[in-house]
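These are my notebook entries on one protein model. I record what I looked up, element by element.

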Amino acid sequence: CREILGPARFAAFLRTELAKPVSPPEATHRPIVQTPYASIVTTNFDTLIEDAYTLWSDEGVPKCPTGAQLGRHGTLLLDRTFFILKAHGTIHDAASLVFTSGDYRRITHANPAFQSMMAAILLSHAVVFVGYSLNDPNFRLLLESQLSVFGTQAPPRYALMEGVGTLEAQILRRTAGIKAIPYPRGKHDCVATFLSTLASATQLKRARRAVHLKVLRNRVPLPALRLAIRP
């Protein structure tokens, strides 16, 4: 389609379809905003995740670089600030869109900044995959890339997946170190339940940690540790 229409008309069509005024689904996207993720990596072109942070985050919209722009954002992980990585581009930048094998080579595989960023994320953070299947080419490329470097020795990885059987789950665990969390086919309301449960659990943990820190701050120093310096 892109070859027939040409890159400009194809990108314009995508913007027309994906930039229509649609509110992000609250059942799934609000829990995402409420969970203290270190970062989000998405292969979607739309702006639903960014729109969710506009609606429900007190801190506004985070940085949202595309895979093609990562060379200008080298300190994202060092800054320890939340960001959304649009791995396959955004509808607002036609040159960033990843569709064909040539796009993969140009933006994904031949991009040292992208490779380094993904390697750093996978090596330093627990990861939960949502919305992927074993047949998804993006998912398989990502796994093959990181497995060739790190093998299965990495932080915990989880994948919320539709209709994954016992055998498939065992293969994922053995070959990629990923623990599959299956839900029945067609029961996509389970995704909202999972994300809401995760958000609630992390908020409870943060509240307990805040109380603990408050107790530590209220402790009175021992008299024997008080020092005074006279002129």
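**Entry 1: β1 and β2.** I looked up Val41 and found that its bridge partner in β2 is Leu85. Strands β1 and β2 pair in the parallel sense over 4 bridges; two strands count as paired if DSSP finds at least two bridges between them. I take helices (H or I, at least four residues) and strands (E, at least two) as DSSP runs, numbered from the N terminus. In β2, Phe83 and Leu85 point one way, Ile84 and Lys86 point the other way, and all are buried. Buried means under 20% relative accessible area, exposed over 50%, and partly exposed in between, with a 1.4 Å probe and protein chains only.

I then turned to Ser39, which lies in strand β1 (residues 39-42). Ser39 counts as buried because its relative accessibility is 18%. Leaving aside residues up to four places away in sequence, I find Ser39 touching Phe82, Phe83 and Ile121; contact means heavy atoms within 4.5 Å.

**Entry 2: basis of the values.** The model is a predicted one, in which local features need pLDDT of at least 70 and side-chain atom pairs count only at pLDDT 80 or more, while totals for chains, interfaces and linings use all residues. Residues are numbered from 1 along each chain as its sequence is written, and side-chain values use heavy atoms, with hydrogens and water left out. pLDDT is the predictor's confidence in each residue, from 0 to 100. The protein chain has a mean pLDDT of 82, and 81% of its residues reach 70 or more.

**Entry 3: Arg80.** I located Arg80 in the loop between α5 (76-79) and β2 (83-86). Its phi is near 55°, a positive value in a residue other than glycine. Most residues other than glycine have a negative phi. Is Arg80 buried or exposed? At 78% relative accessibility, Arg80 counts as exposed.

**Entry 4: helix α7.** Which residues of α7 are buried? They are Phe114, Met117, Met118, Ile121 and Leu122. Seen down the axis of α7, these residues fall within an arc of 125°, so they line one face of the helix. The arc is taken over the directions from the helix axis to the C-beta atoms.

**Entry 5: the β3-β4-β5 sheet.** I find 3 strands forming an open sheet in the order β3-β4-β5, with parallel pairing. The edge strands β3 (127-130) and β5 (178-183) each pair on one side only. Neighbouring strands are turned by 20° against each other on average, direction ignored. Strand β3 pairs with β4 (residues 157-162) over 4 bridges, and Phe129 stands opposite Ala159 in β4. Val127 and Phe129 are on the covered face of β3, Val128 and Val130 on the uncovered one. Helix α9 (residues 166-176) lies across β4 and β5 and runs at about 160° to β5. Axes are lines fitted to C-alpha atoms, for helices over the stretch in contact, and angles run from 0 to 180 degrees between N-to-C directions.

**Entry 6: the chain.** The secondary structure comes to 10 helices and 5 strands. Buried residues make up 32% of the 231 residues.
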